[in-house]
Protein chains: 2
Amino acid sequence: MKAAKRTKLESKGWKLGSTADFLELTPEETAYIELKFALSKSLKERRTREKLSQNDLAKMVKTSQSRVAKMESGDPSVSVDLLVKSLIALGASPKDLAKAIA
Amino acid sequence: MKAAKRTKLESKGWKLGSTADFLELTPEETAYIELKFALSKSLKERRTREKLSQNDLAKMVKTSQSRVAKMESGDPSVSVDLLVKSLIALGASPKDLAKAIA
DNA sequence: TGCGCCTATGTCAGATATGACATATTCTGT
DNA sequence: ACAGAATATGTCATATCTGACATAGGCGCA
């Protein structure tokens, strides 16, 4: 992750990934955030693979394009619940979810 | 699941598990709920294995005994976020989480 | 029986996540 | 370079989740 991006994230709500030492993150917080990133990444991959726009996915999950963008960018305002629901909507099975996070 | 329990759940917020046909649940809702149950079960197993009371765990996660009880009972008011955070607090690794849900 | 301890259930004010909207930025093809 | 589509960012009212509290039920033990 680039320093600029990191600083930007830090300046807002975040705290993340490989910057655990730099910021004040407990191992638990780190693990939680990394889990979210793994789900985000998986979501973007799936959507892209299906050749859907964020708008398309938004309609499938009954949310808005902007929230989909936030999901995929790992925005702190997005819950694991929403990520999981969205992945399921894209056809992810429990095993798929397991693979995404392990 | 026993009919009495099912009816009780139905009468409140729920909808669940093997009763997808009986209630009006989309496959997506079913998958989501079953995921939550898998996490609930895993949480209870871990806590029990560590010989911790719900109160002990509550303090570890900075919540209350009653919320822990709700987590373990699959109460609809509990988010996947909270379940995941609690499991992580109990030392669950990404792989452990993956195993729990797959 | 009575007494701790643990767990379950209900409720609620405050905290957080949500969808929607506006708008900005980046991308893609021409 | 331009237009149009896709994606990103900011904000906000409302919906949902949260911790805390009260209280009830259960279980072993003296």
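## Contacts, burial and a cavity

Visitor: Which side chain does the side chain of S77(B) join in a polar contact of 3.4 Å?
Guide: Keep in mind that this is a predicted model. A polar contact is a pair of N or O atoms within 3.5 Å; within protein, one must be able to donate a hydrogen and the other to accept it, and residues adjacent in sequence count only if both atoms are side-chain atoms. At 3.4 Å, S77(B) makes such a contact with the side chain of R67(B).

Visitor: How are things labelled here, and what pLDDT do side-chain atom pairs need?
Guide: Residues are numbered from 1 along each chain as its sequence is written, while chains are lettered from A and ligands numbered from 1 in the order in which they are written. Side-chain values use heavy atoms, leaving out hydrogens and water, totals for chains, interfaces and linings use all residues, local features need pLDDT of at least 70, and side-chain atom pairs count only at pLDDT 80 or more.

Visitor: Where does S77(B) sit, and what is its relative accessible area?
Guide: S77(B) is in the loop between α4 and α5 of chain B (helices are DSSP runs of H or I, at least four residues, and strands runs of E, at least two, numbered from the N terminus). Buried means under 20% relative accessible area, exposed over 50%, and partly exposed in between, with a 1.4 Å probe and protein chains only. S77(B) is partly exposed because its relative accessible area is 45%.

Visitor: What separates the C-alpha atoms of S77(B) and R67(B)?
Guide: Leaving aside residues up to four places away in sequence, S77(B) touches R67(B) and K70(B), where contact means heavy atoms within 4.5 Å. S77(B) and R67(B) are ten residues apart along the chain, and their C-alpha atoms are separated by 9.3 Å.

Visitor: Which backbone oxygen does the side chain of T48(B) reach?
Guide: T48(B) belongs to helix α2 of chain B and is partly exposed, at a relative accessible area of 47%. Its side chain comes to 2.7 Å from the backbone oxygen of K44(B).

Visitor: K36(B) has no salt bridge, so what is the nearest side chain of opposite charge?
Guide: K36(B), in helix α2 of chain B, is buried, and a polar atom of its side chain lies 2.4 Å from the backbone oxygen of V78(B). A salt bridge is a side-chain nitrogen of Lys or Arg within 4 Å of a carboxyl oxygen of Asp or Glu; for charge, Lys and Arg count as positive and Asp and Glu as negative, with His and the chain ends not counted. The nearest side chain of opposite charge is 5.2 Å from K36(B), and it belongs to D81(A).

Visitor: How many salt bridges does the whole structure have?
Guide: One of them pairs R47(B) with E72(B), with the closest N and O atoms 2.6 Å apart. That pair links helix α2 of chain B to helix α4 of chain B, 25 residues apart. R46(B) and D96(B) form another, at 2.9 Å from N to O. Over all chains, the search finds four.

Visitor: Which residue follows α5(B) and has a positive phi?
Guide: Helix α5 of chain B spans residues 80-89, and eight of its ten residues are buried, including V80(B), L83(B) and I88(B). These buried residues pack against several helices, among them α2 and α5 of chain A. After α5(B), with a phi near 95°, comes G91(B).

Visitor: How much space lies in the largest cavity?
Guide: On a 1 Å grid over the protein atoms alone, a cavity is a set of points where a 1.4 Å probe fits but cannot get out, and lining residues have an atom within 4 Å of a point. Grid points are joined across faces, edges and corners, and a volume is the space filled by probe spheres set on the points. The count is one cavity of 30 Å³ or more, and its lining includes L35(A), V84(A), L35(B) and V84(B). The space in the largest cavity is about 120 Å³.

How values were computed. On a 1 Å grid over the protein atoms alone, a cavity is a set of points where a 1.4 Å probe fits but cannot get out, and a pocket is an open set with protein on both sides within 12 Å along at least five of seven lines; lining residues have an atom within 4 Å of a point.
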